[in-house]
Amino acid sequence: MKFLVNDGKYFTNAILNCTLKGKFFTSGGVKNKSLGDYVYLELKENQLLIYNADDTMALEQTMFVEGLEDGNATVEASKLLQYLKKFGDNFTITMKDVIRITGGGKTASMGIVVNHPYYDMITVFKSRVNDYNFSQELKDYPAWSDRLSFETKITINSDTFIEAVSACEIVGTGIYKMDYGEDFSISSTDDFAGFNSICDTLTNEGEEATVEFTSPIHRFFEKKSVMSILFNDDSPILFLAGDRKLFKAPFITMLR
């Protein structure tokens, strides 16, 4: 795989974004961590797709580069980001036996990771998510699987979603509830605390539904954009924006 980057800052931010750092719910309480330090890159002509996943979530961010040779590779994000700090906006990346970065008279190299630890999750995700776009109508989405078809779609300004989940982080549970009925709300509650935001939406389609999720998903999405959220009662959730997509398993209350 080989490609030319013309916006080093955007590429750097995309790699960092796909590690998804923030406050995660764990069995030991809410902790600052990341989704994972390994990202999977796939180049198709001039389209670079960046993936990451664990056993409950998978995500994809897309950017455009000057593609020179299609291919794929898994990289250690933290190490790559250290090298990228030494390069400007324009550089070439070659990923074969090693990763080589060249530009501005500089050359850096680092090892390639043999495989992403959640490669199987990424494979299933990317085989299905290509049929989903944030601007489609609910009726035009195919079934996600034999057991899952989305019956509710909320389209919302990303700022509204980001601000609502950020406010709910104050409660400290790391668990967030989305409820679509008369209104669309995002909330978080504890025994003696809580925060609830009634969110303005752009469009609403489908059935009333409620679902809970964990993880700092709001940190993956860009402000000043539009995103769609597909879900059912206690179902997996699919978040869609122009250049990024995220699939998340629900948090089931009985497991607390």
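Analyst: Of the 256 residues in the protein, 48% are buried. The model is a predicted one, and each label below is reached by setting a computed value against a cut-off.

User: What makes the radius of gyration agree with that of a compact globule?

Analyst: For 256 residues a compact globule would have a radius of gyration near 18 Å, and the protein has 19 Å, which agrees. Along the principal axes, the C-alpha trace spans about 60 × 40 × 30 Å.

User: Which secondary structure elements does the protein have, and how far apart in sequence are the residues that its contacts join?

Analyst: There are 4 helices and 20 strands. Counting contacts between residues at least 6 apart in sequence, 63% join residues that are at least 24 apart.

User: How many positive and negative side chains are there, and how many salt bridges are counted?

Analyst: The protein has 26 positive and 36 negative side chains, with the centres of the two sets 10 Å apart. The count of salt bridges comes to 7.

User: Why is the pair of Glu42 and Lys126 called a salt bridge?

Analyst: The rule asks for a side-chain nitrogen of Lys or Arg within 4 Å of a carboxyl oxygen of Asp or Glu. In Glu42 and Lys126 the closest N and O atoms are 3.2 Å apart, and the pair forms a salt bridge. Glu42 belongs to strand S4 (residues 38–44) and Lys126 to helix H3 (residues 119–129), so this pair ties together parts that are 84 residues apart in sequence.

User: Are Glu42 and Lys126 buried or exposed?

Analyst: Buried means under 20% relative accessible area. Glu42, at 9% relative accessibility, therefore counts as buried, and Lys126, at 18%, counts as buried by the cut-off of 20%.

User: What do you know about the salt bridge between Lys139 and Asp140, and how are these two residues labelled?

Analyst: The side chains of Lys139 and Asp140 meet at 3.3 Å, N to O, which is within the 4 Å of the rule. Lys139 has 64% relative accessibility and counts as exposed, the cut-off being over 50%, whereas Asp140, with a relative accessible area of 42%, is partly exposed. Elsewhere, salt bridges that share partners join Glu42, Lys44 and Lys126 into one network.

User: What makes Asp243 and Arg244 a salt bridge, and is Arg244 buried or exposed?

Analyst: The N to O distance between the side chains of Asp243 and Arg244 is 2.8 Å, and that is within 4 Å, so the pair meets the rule. Arg244 has a relative accessible area of 7% and is therefore buried.

User: What is Tyr40 in contact with, and why is Tyr40 called buried?

Analyst: Tyr40 has its place in strand S4, and at 4% relative accessibility Tyr40 counts as buried, since the label needs a value under 20%. Not counting residues up to four places away in sequence, Tyr40 touches several residues, among them Leu49, Tyr51, His116, Tyr119 and Lys126.

User: Where does His218 lie, and why does His218 count as buried?

Analyst: His218 lies in the loop between S17 and S18. The relative accessibility of His218 is 3%, so the residue counts as buried. Residues up to four places away in sequence aside, His218 touches Phe161, Ile162, Val165, Ser166 and Glu169.

User: Why is Asp159 called partly exposed, and what does Asp159 contact?

Analyst: With a relative accessible area of 22%, Asp159 is partly exposed, because that label covers values between the cut-offs of 20% and 50%. Asp159 sits in helix H4 (residues 158–168) and, neighbours within four places in sequence aside, is in contact with Lys223, Lys224 and Ser225. The C-alpha atoms of Asp159 and Met227 are separated by 9.6 Å, although these residues are 68 apart along the chain.

Terms used. Residues are numbered from 1 along each chain as its sequence is written. This is a predicted model: local features need pLDDT of at least 70, side-chain atom pairs count only at pLDDT 80 or more; totals for chains, interfaces and linings use all residues. Side-chain values use heavy atoms; hydrogens and water are left out. Helices (H or I, at least four residues) and strands (E, at least two) are DSSP runs, numbered from the N terminus. The radius of gyration is taken over C-alpha atoms; the globule rule is 2.2 Å times the number of residues to the power 0.38. Buried means under 20% relative accessible area, exposed over 50%, partly exposed in between (1.4 Å probe, protein chains only). Contact means heavy atoms within 4.5 Å. Lys and Arg count as positive and Asp and Glu as negative; His and the chain ends are not counted. The place of a charge is taken as NZ of Lys, CZ of Arg, CG of Asp or CD of Glu.
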